[in-house]
Every structure is written in C-alpha cells, then in structure tokens.
Amino acid sequence: MSVSQGAIKKQSEAKLSVSKEKNPRGVLLTTALMAGYSMIYMDKNMISTAIIPIAEQFQLTTSQTGLIMSLFFLGYSLMQIPGGWLADKIGYKKVLMLSLSLITIFSFAFGLVGSLLMFILIRFLAGIGHAGYPPSCSKGIAENFPKKRRTFVQSLILSTSGIGGILAFVIGARLIDLNWHYAYYALGTMFAISLLLVAFLVPNSHQTAKTKIEKKQVSFKSVISNRNVIILFVAMLLANVAFYGNMSWLPTFLKTKFSLSISTVGIILAVNAIGGTLASIFAGVLLTKYFVGKEKLLLMCCSVISSLLFLGLVFSNSLSLSIAFLYVLTFLLTTIFVGIFSWPHKILPEKVIGSSIGIVNTGGTLGGFIAPMAFGALISMAGGSFSIVFITLAIAVVICGLVILTVKTEK
C-alpha cells in the first residue's frame, strides 16, 4: 500500500469513527436490537416452563421433552454459520428481518399444534429462524460503533437475556398457568412488534469493506480456520452446555425437589433473570475498563467458582441456600458468556464479524442442543435424580475455563 493510499484509508476510518460516535441512529439501532433480543431470550426461557404442562397433557417422558428443547438448538446450530455469512454478504438488516419473520410464524404455530412430532418439527424450524439474529446484531454493532465501544454495546444488548427471562418467568409463566397455548400466541405477537421496530429503526447496512480503498479481502476459509475462532467455538460450546443445561431443567428441578408451584418457580427465576441482566451490563464494564487484556483471568475465576456452585446445588437441601447459589451462578455464567461472545470484536476484523460470531455462537447452540436432550436421558436413567446433571455441568464449566486460557492475544 502506498503512503497516499494509507493516508486516505486512515482519514476515511477517522471520519467513520466520528460519524459512529455522533450518529443518533446508534441509539435507535440499539433499542430495536435489544427489543428483538429480549424476545429471542423470552422464547428460549419460556419453553423450559411451558414443557411442564405440555408433558403432563401429552404424557411425555423427560427424554421426549428434552428432545423438543434440543431440536430447537439443532436448527439453530445448522443455520448459525450461514446466517453470519449472509449478514456479511447481503447486510445485517435483511437477515434480522428474515429471522424475526420466521420466529413470529413458528411461535404462533407452536401454540396451535398438539403432537410430539409437530412440537419437535416446529421448535427445529424456530431454531433456524433464531440463527440469523445474533451474528446480524454483532454485524450491526461493528458497522455502527467504533471499536472501543463495541464490547460494551454488545454486553448491553446481551443484557436482554435477563429481560427475556423476566418476561418469560413473569408474563409467560402466568399465561402458561392459564393455558400454555395463550403464552405462544402472546410471544408471536411480541415478535411481530419487534419485527416492525427493526424495519423502522434499524439503518441499512453500509458496505465500507467494498470500497476501492480496501481491496484486500478476508476469505471465509481463513475465518473458519482461525485459531482463536476455533478456541472460542469450543469454549462457547462448553459454556452453553452449562448455561442451557442449567436453564432447561431448573424449573423442573425446583418444582420437583422443593414441591413448588409453576407460579412460584416463575417468581424465583424472574428475579434470577434480573440478576442476569445486571450481570451482562456489569460484565461489559469489567471487560472494557478493568480487565482489558486480562479477560482470561476474569473468565477462569468465574469458571472455577461456577463449578463449586453447581456442586452446591447438588448437595443443598435448603431452598433459600439453593436460590442463593443459583443467583450467583447465573451472574458468573452470564459474565463468561458475554466475555466469549464479545471477544471477536477485539481480535478480528470488522468485515468478518458476522461470520466469526456465527461460528463462535454455533458452538453455543450446539451446547444448547446437546444439554437438554442428553441430560433428559441422564435424569431418566438416574430415576429422576438431578445430581448427575449438575455434577456434569460442574465439570463442563471448569473445562471451559481451561480452554479460554489458550486464546492467543496480542501483547
């Protein structure tokens, strides 16, 4: 590259950075993405409560209900990488709208069906719809915010995991108590509203990577074979085995072990979701202000403590102590998730953020696919005992921390 070309590129990037800092569209973009993500997480959380009356009504075993929850993540996993690639190629807004449109349709459809086969099929298709949303959000963040702000904005958007949990365990649980069909009709309506917000508030993609200034392209092959991308893929898989293994069976675990009603379980998990929201925002602050370059130390500590808390859930027979363990555990697991998910913004080029996040999050969705189904089978084999599940989760989260230590960062 000649000196004049370098100067032109630097000047162009400086102007882009200033425009990103001052552009009020960033606020509207963040609002719309958070609304859609809240619904994404509401859907993920609500199924673990809805599955209780569904299992009772249709006389399903834990293996069958685990299959319903897992097939969602299979569809999710299969389309994550294509979804990220599409976000890089055709623009994040188009993929966001396609994703929300599909989820809206399949949310209504889930409320209408009444057989095991159809439950499995529709949750699989809903997973395909979900797959395009996370990488497209990350691509939108990369295109509309300067690099130094992306980790915090990403953590802010991921804080909707708590908001979605609150909606699922307060509104969703109460509707499920009345009639689980109503809960999915309401969910479909809220997804439709989120689709409208994205349509009107999210700006169209700008293709800075395709200008004449930037002739050098980064191939998809180089992204998928990148050492750090592979490591983060494995770490995210293990983290989500812990996260979704815990989330998928918590309602049933609490209801069974402590003889609680669905509404009471909903209240406990709604408060837990508030903690998840705060944890996501707090994690963003830690990663951008206090642990820059020390991400490994933070995430490894979170992994070890999380493992001990999983074991605490196994051996505690006190409801209050189990709830305390749960709340701290959620805080730590959320920090791990945000740390892994936002890391590509620091170590990979903007033009391939969609693809890289798609690959990394595929590890997460595979973890979500494996956990409910495998643990449902383990619970059946153990005669209804949840101990083996939480011991396995304790092991998985420690291995996750060890994998994180192998991420290569610039000194």
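Student: What do I need to know about the model and the numbering?

Tutor: The model is predicted, so local features need pLDDT of at least 70, side-chain atom pairs count only at pLDDT 80 or more, and totals for chains, interfaces and linings use all residues. Residues are numbered from 1 along each chain as its sequence is written, and side-chain values use heavy atoms, with hydrogens and water left out.

Student: How many helices and strands does the protein have?

Tutor: The protein has 17 helices and zero strands. Helices (H or I, at least four residues) and strands (E, at least two) are DSSP runs, numbered from the N terminus.

Student: And what share of the residues is buried?

Tutor: Of the 411 residues, 55% are buried. Buried means under 20% relative accessible area, exposed means over 50%, and partly exposed is in between (1.4 Å probe, protein chains only).

Student: Among contacts between residues at least 6 apart in sequence, what share joins residues at least 24 apart?

Tutor: That share is 87%. Contact means heavy atoms within 4.5 Å.

Student: How many residues are in the largest nonpolar core?

Tutor: The largest nonpolar core has 123 residues. Such a core is a set of buried Ala, Val, Leu, Ile, Met, Phe, Trp, Tyr and Cys residues joined through side-chain atoms within 4.5 Å. Helix 11 supplies the largest share of this core, 18 residues. Among the residues with the most contacts inside the core are Leu-254 and Phe-310.

Student: What does Phe-310 touch?

Tutor: Leaving aside neighbours within four places in sequence, the contacts of Phe-310 include Ala-242, Asn-246, Leu-333 and Phe-390.

Student: Ok, helix pairs. How do helix 11 and helix 13 pack?

Tutor: Helix 11 (residues 227-258) and helix 13 (residues 295-315) pack at an angle of about 20 degrees, and their axes are 13 Å apart. Axes are lines fitted to C-alpha atoms, for helices over the stretch in contact, and angles run from 0 to 180 degrees between N-to-C directions. The two helices are therefore roughly parallel to each other. Angles under 35 degrees count as roughly parallel, over 145 as roughly antiparallel, 65 to 115 as roughly perpendicular and the rest as oblique.

Student: Which residues make that contact?

Tutor: Helix 11 brings Ala-242, Asn-246, Phe-253 and Lys-257, while helix 13 brings Phe-310, Leu-313 and Val-314. They divide into five nonpolar, one polar and one charged. Here Ala, Val, Leu, Ile, Met, Phe, Trp, Tyr, Cys and Pro count as nonpolar, Asp, Glu, Lys and Arg as charged, and the others, Gly among them, as polar.

Student: Is helix 17 parallel or antiparallel to helix 13?

Tutor: Helix 13 and helix 17 are roughly antiparallel. Helix 17 covers residues 387-404, the angle is about 170 degrees and the axes are 8 Å apart. Phe-310 and Leu-313 of helix 13 are among the residues in the contact, as are Phe-390 and Val-397 of helix 17. The contact divides into 14 nonpolar, five polar and one charged.

Student: What about helix 12 and helix 14?

Tutor: The axes of helix 12 (residues 262-290) and helix 14 come within 8 Å and cross at roughly 40 degrees. That makes helix 12 oblique to helix 14. The residues of their contact divide into twelve nonpolar, nine polar and no charged.

Student: Where is Thr-330?

Tutor: Thr-330 is in helix 14 (residues 319-342). Thr-330 is buried, with a relative accessible area of 10%. Leaving aside neighbours within four places in sequence, Thr-330 is in contact with Asn-272 and Gly-276.

Student: New topic. Is Ser-99 buried or exposed?

Tutor: Ser-99 counts as buried, at 3% relative accessibility. Ser-99 belongs to helix 4 (residues 92-112). Ser-99 and Tyr-133 are 34 residues apart in sequence, but their C-alpha atoms are 6.1 Å apart in space.

Student: And the loops? Where does Ser-259 lie?

Tutor: Ser-259 lies in the loop between helix 11 and helix 12. Ser-259 is not a glycine, yet has a positive phi of about 55 degrees. Ser-259 counts as exposed, at 67% relative accessibility.

Student: Where does Gln-59 lie, then?

Tutor: Gln-59 lies in the loop between helix 2 (25-58) and helix 3 (62-90). Gln-59 has a positive phi of about 55 degrees although it is not a glycine, and Gln-59 is exposed, with a relative accessible area of 71%.
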